[in-house]
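Hello,

Here is the structure I promised to pass on.

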Amino acid sequence: MSVKKIAGVFALSAIALALSACGGDDGPAPGPNHRPNTPNAPAAGLLPEKIEFDVVEERLMPGARVPLEAELEAGRDRDVPASGAANVEVSIVRDDTGGAQLSGTQLSTNQQGEARFSITLGRNTGTVIVKATTDGADNNVANGISDELAALLGMVVTPGGNGLNWEVPAVIDARTGGTVRLEDPDDGQRGRTYSINDSRFTLAQCRGDDDVCLGVKNTTRAGSYNVELGVNDGSNTLVMPVTIVVR
């Protein structure tokens, strides 16, 4: 084989190795607008627009260590990971169990937008309410909170666990004459009754599904109202303190 042919073989081998290392010729080379083809890949610099709770309700018994999770999402259900600093702050708003404790107070979400922690309940039965807060301004709670986005998780602790629990926004935006849908409580029960301690509003199960409808009467003026949302499932009662901002 001539020197020229040997050199050509080596050149082709080098090109093949380069294509193999890059995954083959599957498309154009990355450019300024190129994004990796990975499902649900979080974009850099996302700001949270929604915060949610998750709880293992079967563990809601005195003295139990209960796993909790706060989840952050931006628009179009995109996960919001931490960007170098804690981006979720958690606290206990109410504790009737006598000494409930959280495993941490400032947390960082993972790439799936999840901040995992736990609460160790006290030795008594009763209600525990946990608040999770993020900052919609910069996705950072370590430097203070200027645009608060918060959710409340109320839990009824019973001797056998699997008690009533309810997640609601700490601040509910509403309009005069309008209706706001809230998630229904989680307890596996039916026939729940709802109440609100302010006659300018109504609270009841929505027609056609299990969601809870918060109604604002036509006579309710714009303003901020501190109210209590109540639910009873025949065995337990849970009262959630929230703020309704009517615009």
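Which residues touch the most other members of the largest nonpolar core? They are Trp 166, Phe 201, Leu 203, Leu 214, Leu 229 and Ile 244, in a core of 28 residues. Strand β17, residues 237-246, gives the most to this core: five residues. A second core is separate and holds 27 residues. Among them are Ala 64, Ala 70, Leu 72 and Val 88. In soluble globular proteins, nonpolar side chains tend to be buried together.

Keep in mind that this is a predicted model.

Leaving out residues up to four places away in sequence, Leu 229 touches Trp 166, Ile 172, Leu 182, Ser 195, Ile 196, Leu 203, Leu 238, Val 239, Met 240 and Val 242.

Now the whole chain. It has 247 residues, and 40% of them count as buried. Take the contacts between residues at least 6 apart in sequence: 62% join residues at least 24 apart.

Four strands form it, in the order β11-β17-β16-β13. The sheet is open and its pairing is mixed. Its edge strands, β11 (171-174) and β13 (193-196), each pair on one side only. On average, neighbouring strands here are turned by 35 degrees against each other, direction ignored.

How do β13 and β16 pair, and over how many bridges? The sense is antiparallel, over four bridges, with β16 covering residues 223-232. Thr 193 stands opposite Asn 232 in β16.

Best wishes

Definitions and conventions. Residues are numbered from 1 along each chain as its sequence is written. This is a predicted model: local features need pLDDT of at least 70, side-chain atom pairs count only at pLDDT 80 or more; totals for chains, interfaces and linings use all residues. Side-chain values use heavy atoms; hydrogens and water are left out. Buried means under 20% relative accessible area, exposed over 50%, partly exposed in between (1.4 Å probe, protein chains only). Contact means heavy atoms within 4.5 Å. A nonpolar core is a set of buried Ala, Val, Leu, Ile, Met, Phe, Trp, Tyr and Cys residues joined through side-chain atoms within 4.5 Å. Helices (H or I, at least four residues) and strands (E, at least two) are DSSP runs, numbered from the N terminus. Two strands pair if DSSP finds at least two bridges between them. Axes are lines fitted to C-alpha atoms, for helices over the stretch in contact, and angles run from 0 to 180 degrees between N-to-C directions.
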